[in-house]
Amino acid sequence: MGMTELRRGIENPLEYVELISRLRSTLNERGFVFEWSTDMKAFNEVKLQARGSEAAPMFHHQMCDLDNKACWVRLSTSDGKTMGLNAYRVDFIDSNLADWATGWMAGLYMKAGQLMVPKAVAPAPGSRARSLSGWLVYHGELWVSREYRGAGDINEMMTYAGHLLAMLKWNPEAMWALVNHRIGVRGTGIQNGYPYAERSFLRWQWHPADIPENEWLLVATRSEFDHAVRERLEGGLMAIRD
């Protein structure tokens, strides 16, 4: 993209801000603290303390240059105990996500000393990822403490507020995530703001223990976010449950 080329902005930024404010206020009323940060070294430290493992390679400050390219959100109790995490990074993809994702993922894990060998070089020919290019945000490190899993819409509110902050920060064409088969078939992606799910997007012959053999793709475009934000403001914070 040339420096003089104007990118289309978010259609309704004030509505994004209003929804973020409502989500944060609701979480605060329920006794939680919602935080946002671009300090990825701090993210690694928080994850290590909360989960006993370091950040994944794509969010690790020692593996990638993440200056102005990554952010994260944290949900904690009033006494500072971490209850939930999400992380985001933005990348410019000049080809398309389908051709780019496998090499990107395998390369990052190889840099971390972990072998990943794909079963297929690229996803199926009809993958929606073939239509996605330009500035895209990858969403990962989605985690909520076991005691709050299935506890209403707490995780969904934290995650969606993180989505909206990432959209406002970078104004990408779309956001994407990878989840395992169990999460894919349960519709968790839809609950967390992704209207599109594609099974078997990435398939691995060799992979680290924390990476599933079959990874589903979740996608939400900028226009889909614009529509969903307006719908949630009109129908309730988590209108997707209706």
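Two residues are in contact when they have heavy atoms within 4.5 Å of each other. In this predicted model, residues 24 or more positions apart account for 76% of the contacts with a separation of 6 or more.

The chain is built from seven helices and eight strands. Its radius of gyration is 17 Å, close to the 18 Å that the globule rule gives for 242 residues, so the chain is as compact as a globular protein of that length. Further values for the whole chain are tabulated here.

| Property of the chain | Value |
|---|---|
| Box filled by the C-alpha atoms, along the principal axes | roughly 45 × 45 × 35 Å |
| Accessible surface | about 11,700 Å² |
| Distance between the centres of the positive and negative side chains | 4 Å |

Carbon and sulfur atoms hold 50% of the accessible surface, and the charged side chains comprise 27 positive and 29 negative ones.

Buried residues make up 50% of the 242 residues. In soluble globular proteins, nonpolar side chains tend to be buried together. The largest nonpolar core here has 38 residues, of which Met58, Leu97, Met105 and Trp176 touch the most other members. Among the elements that each supply at least two residues of this core are helix 2 (40–51), helix 3 (97–111) and strand 6 (174–179), and helix 3 gives the largest share, eight residues. Leaving aside residues up to four places away in sequence, Met58 touches Cys64, Leu66, Arg89, Trp104, Met105, Leu108, Tyr109 and Tyr138. A second, separate core of 36 residues includes Val137, Trp216, Val229 and Leu233.

Notes:
Residues are numbered from 1 along each chain as its sequence is written. This is a predicted model: local features need pLDDT of at least 70, side-chain atom pairs count only at pLDDT 80 or more; totals for chains, interfaces and linings use all residues. Side-chain values use heavy atoms; hydrogens and water are left out. Helices (H or I, at least four residues) and strands (E, at least two) are DSSP runs, numbered from the N terminus. The radius of gyration is taken over C-alpha atoms; the globule rule is 2.2 Å times the number of residues to the power 0.38. Buried means under 20% relative accessible area, exposed over 50%, partly exposed in between (1.4 Å probe, protein chains only). Accessible areas come from the Shrake-Rupley method with a 1.4 Å probe; for residues, only the protein chains shown count as cover. Lys and Arg count as positive and Asp and Glu as negative; His and the chain ends are not counted. The place of a charge is taken as NZ of Lys, CZ of Arg, CG of Asp or CD of Glu. A nonpolar core is a set of buried Ala, Val, Leu, Ile, Met, Phe, Trp, Tyr and Cys residues joined through side-chain atoms within 4.5 Å.
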